[in-house]
Amino acid sequence: MIRALFIAFLFFTFKTQALSQTTIELDQALTGPARGATAGAHYRYLFENPRFTTPVQELEFDGSGQGKFRFKRKDSDEIVNKLSISPEVLTQIQLLLDNLNFLASSEDYQHKKDFSHLGNMTITYSRDGKERTVKFNYTDNESMSRLSDIFRNIVTQETRVFELEAIIANDPISAPAQLRMLESELKSKRVADPHRFDPILKNIKLDEGVPLIARNHADRLLLMISKGK
């Protein structure tokens, strides 16, 4: 009996240590080497399609996640807003670039078929005096496709932030429509960092100048984001 208990104790101890080590390695992957690799880094994403109502969308930020979001709609002035990328999203971007060995690679990510009618993407990444730019409209490289999705999701996210803030300031009666669009984007996973909307939704929830239906919707969206849905 004592021998059996001793073996069980050893098994439990080994399993606990293994789980602990796995957690440490995961934490290091998310906050260690990849986070350190962003020091001195610079990222740029440009989307262009003259056929679209928003023909130009650009993200540019440094290794701390600070930068700008620029876009221009047809027959409108260019708009430039401050941009702050969360550490979690920044780490995802850096891990993908590292996985691609982006700065050292010479791979052409453009698919053999031309999909330029969908718009062209230009991605530039620089670090430690090295810089590389690639341009494509569609790729079947899994990591590059995922990287492109993250950049597009940041654009979607920051566009919705701009629209919500403008609506609340100038036309609060239109807030319900904006929140319906945000909910659709959240459910379809087209937002890079859902918690980016926490302070905005909290303000809407408490703003008596906003229609009650929008305030209640903001409360539901906060709950949805907190549950990770």
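The following conversation goes through some terms used for this predicted model and asks what each one rests on.

Reader: Why are strand 4 and strand 6 called edge strands?

Author: The open sheet has six strands in the order 4-3-2-1-5-6, with antiparallel pairing. Strand 4 (79-84) and strand 6 (130-136) each pair on one side only, and they are called edge strands for that reason.

Reader: What makes strand 1 a partner of strand 5?

Author: The cut-off is again at least two bridges, and strand 1 and strand 5 pair in the antiparallel sense over seven bridges. One of the positions involved is histidine 42, whose bridge partner in strand 5 is serine 126.

Reader: Why is strand 5 described as largely enclosed?

Author: A residue is buried if its relative accessible area is under 20%. Seven of the eight residues of strand 5 are buried, and therefore the strand is largely enclosed by the rest of the structure. Helix 4 packs on the sheet and touches strand 5 among others, its direction making about 100 degrees with that of strand 5.

Reader: How do you know that the buried residues of helix 6 lie on the same side?

Author: The buried residues of helix 6 are Asp198, Ile200, Leu201 and Ile204. They cover an arc of only 165 degrees around the axis, which is why they are placed on the same side of helix 6. They pack against helix 4 (142-170), helix 5 (175-187) and helix 7, while the face turned away from this buried side carries Asn203 and Leu206, which are exposed.

Reader: What makes helix 6 and helix 7 a packed pair, and which residues are in contact?

Author: Helix 6 (residues 198-206) and helix 7 (residues 212-226) pack at an angle of about 145 degrees, with their axes 8 Å apart, and their crossing is left-handed. Contact requires heavy atoms within 4.5 Å, and the residues that make the contact include Leu201 and Ile204 of helix 6 and Ala218 and Leu222 of helix 7. The residues of this contact divide into seven nonpolar, no polar and five charged.

Methods
Residues are numbered from 1 along each chain as its sequence is written. This is a predicted model: local features need pLDDT of at least 70, side-chain atom pairs count only at pLDDT 80 or more; totals for chains, interfaces and linings use all residues. Side-chain values use heavy atoms; hydrogens and water are left out. Axes are lines fitted to C-alpha atoms, for helices over the stretch in contact, and angles run from 0 to 180 degrees between N-to-C directions. Helices (H or I, at least four residues) and strands (E, at least two) are DSSP runs, numbered from the N terminus. A crossing is left-handed if the near helix is turned anticlockwise from the far one by less than a right angle, and right-handed if clockwise. Ala, Val, Leu, Ile, Met, Phe, Trp, Tyr, Cys and Pro count as nonpolar, Asp, Glu, Lys and Arg as charged, and the others, Gly among them, as polar. Buried means under 20% relative accessible area, exposed over 50%, partly exposed in between (1.4 Å probe, protein chains only). The arc is that of the directions from the helix axis to the C-beta atoms.
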